[in-house]
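Have the model open while you read.

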Amino acid sequence: MEASLCFALLVFFPAFTSTVVLPQKRSAQERGSDLEIYSFHVDCKVTSRFAHNVLTSRMANRANASREVTFDVELPKHAFISNFSMTIDGKTYVGVVKKKEEAKQQYDQAVSRGQSAGLVKVSGRKMEEFKVSVNIAALSKVTFELTYEELLKRHLGKYELAIKVRPQQLVKHFKIDAHIYEPQGISFLDAHAAFLTNDLAETVKKTLTQDKAHVVFEPTLDQQRKCPECSESILDGEFIIKYDVKREASAGDIQIVNGYFVHYFAPTDLPRMRKNVVFVIDRSGSMYGKKMQQTREALLKILEDIHEDDHFGLITFDSEVSTWKSTLVQATPEMVQQAKTFVGRITDRGATDINAAVLKGVEMLKISKEERKLPERSVSIIILLTDGDPTSGVTNLEQIQSNIKKGIEGLYTLYCLGFGFDVNYNFLEKLALENGGVARRIYESSDSALQLQGFYEEVATPLLQQVELQYPGNGVSDLTENVFRHYYNGSEIVVAGRISKNDLEILSVQIKAGAASSDLTLAAETPVEEQDEAVKKHKYIFGEYIERLWAYLTIQQLLSKIVSAQPEEREALNEKALQLSLNYNFVTSLTSMVVTKPEEGQTDRTMVAHKPTEAEQGDRVDLSRHGLVGAAILPVNPGRTSSRASYLKLTSAQQALPSRHPKLASVDYDTPGEDFFLVFYIHGQWHQYDFCSYRAGDVNG
């Protein structure tokens with residue numbers, strides 16, 4: 001039996017976060033000297049927020065027979081892979097980025113040969129898994145090298161690089177090497193880890209100058225040991241680097257390199273704008289148990305943190321919509337306490353009428369505005385939390401999107417939080433994007449309440465609204481988005497573009513926005529040639545970083561526009577994003593990387609790296625693992641119907657139920673148009689899933 005060595009590397013970013021998990025603990029056989037990881041290097045170069053990361057693993061097969069080695073990497077979902085190569089006995093095999101449809105042909109051919117051809121799949125909240133295995137000959141070596149790029153997003157006032165270290169073995173040459181260059185200057189730098197003992201902390205080398213930071217973590221084999229005689233590693237936890245930049249110019253910072261520019265705008269010394277927020281909370285039967293409990297916990301904490309100058313409203317919904325108050329109220333201590341009492345009494349029941357609930361939130365904002373209960377200069381937002389598809393009232397998704405867009409009329413921002421994997425994420429994402437907001441998935445886990453609170457914290461302090469950054473029309477082209485509904489404290493606005501006028505000497509910008517007490521106008525000018533030469537002096541930074549940053553940001557924004565675009569617009573947006581992806585060798589949702597893996601004595605194996613989207617995360621849930629032994633469809637009004645409650649014992653094939661629409665069985669009822677509850681029998685109790693209306697003979701969920 002062949003021995004195998006699995007090398008796992010986890011990398012993720014909340015703002016900019018990368019997580020690295022080294023080889024998992026091996027069996028006694030694998031702990032021998034046949035397969036050796038003799039080098040592992042994480043090289044991070046962050047240049048003006050744009051991160052270029054190279055992960056390199058070198059392994060050797062000391063045995064007299066071939067062995068299989070697996071390179072398993074988890075990347076941030078918003079990162080783009082730009083290069084992958086395997087070097088075996090001096091020969092390099094490089095992944096090729098192709099149009100997704102072209103790569104799919106090779107993928108299908110590989111699958112038809114019985115090969116496992118997929119390289120990338122969703123893995124967890126912020127990550128995608130990249131995995132490739134290769135046989136290496138006796139007494140030979142292999143080097144894996146993966147490159148990915150991402151624009152760092154400022155989150156709550158900082159950029160964060162968190163490297164999770166969990167080798168579970170000693171690594172001879174282990175090194176994390178992070179270079180950060182910020183032309184604006186770096187205001188603070190911190191690096192720490194829970195596993196750092198006093199002795200090990202001395203191996204962390206931090207260097208900070210005006211505009212550069214360098215952090216190196218390079219423990220020796222002995223320093224990695226739990227004890228002097230141990231073979232186990234002490235490295236187990238997150239190694240975190242945090243930093244932010246200096247912000248002296250109120251109009252932001254403009255950087256120019258080789259005909260491309262990027263403008264960062266994040267003013268800090270501004271008074272907060274007052275906020276009007278309506279929370280629209282799903283209380284349908286599928287919110288039963290922990291979801292409902294965590295939602296209540298999160299709302300209670302959010303109510304404690306809401307500013308007294310803000311106004312708020314609470315709506316709960318199932319098949320019916322209920323309001324705490326008919327209009328928004330100011331967040332006085334008395335009102336907050338009353339709201340907490342209301343939240344504490346929210347219970348799950350019934351179906352899901354998203355259309356009526358959100359429109360009620362819109363109506364509340366409009367009435368409150370008409371009755372002059374809201375401040376004149378304030379920001380109005382709606383936060384929808386739901387865990388399922390609409391099953392009551394208007395259930396056609398396109399009709400709901402149309403109704404809500406028409407109701408909001410561009411006046412308010414809608415944020416959609418999807419709880420778990422029962423939601424139609426595509427629907428929520430389009431609903432949010434069409435109304436100036438974003439969608440976010442809330443994962444079902446012990447920290448779900450903290451996830452909800454964390455999202456609210458991001459939008460809790462608006463500083464500006466209707467922000468527009470204007471550049472000379474005859475001097476620049478190919479601008480990324482330059483109009484933004486809101487600017488929140490701790491975040492950052494980023495605009496990039498191309499300088500189209502060769503003799504342009506000064507790049508000017510004018511910024512207009514609504515602030516707390518008056519309209520704001522800012523202006524700045526940047527000498528083009530002087531800026532270009534200043535950046536070029538720093539030879540160690542990553543090449544054409546502003547051009548690649550521009551391409552990355554343009555592609556990301558085009559992909560977002562595609563979600564809510566009309567069919568006639570979608571084709572042009574797709575084509576533009578595709579060409580940029582191919583030109584810059586980025587693996588996006590429109591392209592794939594084809595990797596040809598050599599097989600000794602066999603046909604070479606082709607593997608394809610597709611980039612999954614957030615909406616593709618929904619997975620089948622095996623409820624039998626959670627104690628599911630039966631299910632039932634129960635009439636809501638058993639006294640009105642002659643139909644019997646049908647208890648369905650699930651077969652093994654039925655136990656793996658789709659998480660979104662459980663299909664139990666076809667059951668005929670005597671009374672057409674009857675309303676029913678769908679319930680599951682778990683751990684000795686019946687649990688209501690949702691409220692549904694069915695026609696006779698149509699109980700197929």
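This is a predicted model: local features need pLDDT of at least 70, side-chain atom pairs count only at pLDDT 80 or more; totals for chains, interfaces and linings use all residues.

- β7 and β32 (residues 591-597) are paired antiparallel, with 4 bridges between them.
- They belong to an open sheet of 3 strands, ordered β7-β32-β33, with antiparallel pairing.
- β7 (96-99) and β33 (605-610) are the edge strands, each pairing on one side only.
- On average, neighbouring strands here are turned by 35 degrees against each other, ignoring direction.
- In general, it's backbone hydrogen bonds that pair the strands of a sheet.
- Helix α12 (residues 567-583) lies across β7 and β32, and runs at about 165 degrees to β7.

**α8 against α11**
- Helix α8 (residues 425-433) packs on helix α11 (residues 545-564) at an angle of about 100 degrees, the axes being 8 Å apart.
- That angle falls between 65 and 115 degrees, so the two helices are roughly perpendicular to each other.
- On the α8 side you'll find Glu429, Lys430 and Leu433, which meet Ser560, Val563 and Ser564 of α11.
- The residues of this contact split into 2 nonpolar, 2 polar and 2 charged.

**α4 against α9**
- Helix α4 (residues 290-305) and helix α9 (residues 448-459) pack at about 35 degrees, with axes 8 Å apart.
- Their crossing is right-handed.
- Among the residues making the contact are Ala298 and Ile302 of α4, plus Leu452 and Tyr456 of α9.
- By type, the contact residues come to 5 nonpolar, 4 polar and 2 charged.

Definitions and conventions. Residues are numbered from 1 along each chain as its sequence is written. Side-chain values use heavy atoms; hydrogens and water are left out. Axes are lines fitted to C-alpha atoms, for helices over the stretch in contact, and angles run from 0 to 180 degrees between N-to-C directions. Angles under 35 degrees count as roughly parallel, over 145 as roughly antiparallel, 65 to 115 as roughly perpendicular and the rest as oblique. Contact means heavy atoms within 4.5 Å. Ala, Val, Leu, Ile, Met, Phe, Trp, Tyr, Cys and Pro count as nonpolar, Asp, Glu, Lys and Arg as charged, and the others, Gly among them, as polar. A crossing is left-handed if the near helix is turned anticlockwise from the far one by less than a right angle, and right-handed if clockwise. Two strands pair if DSSP finds at least two bridges between them.
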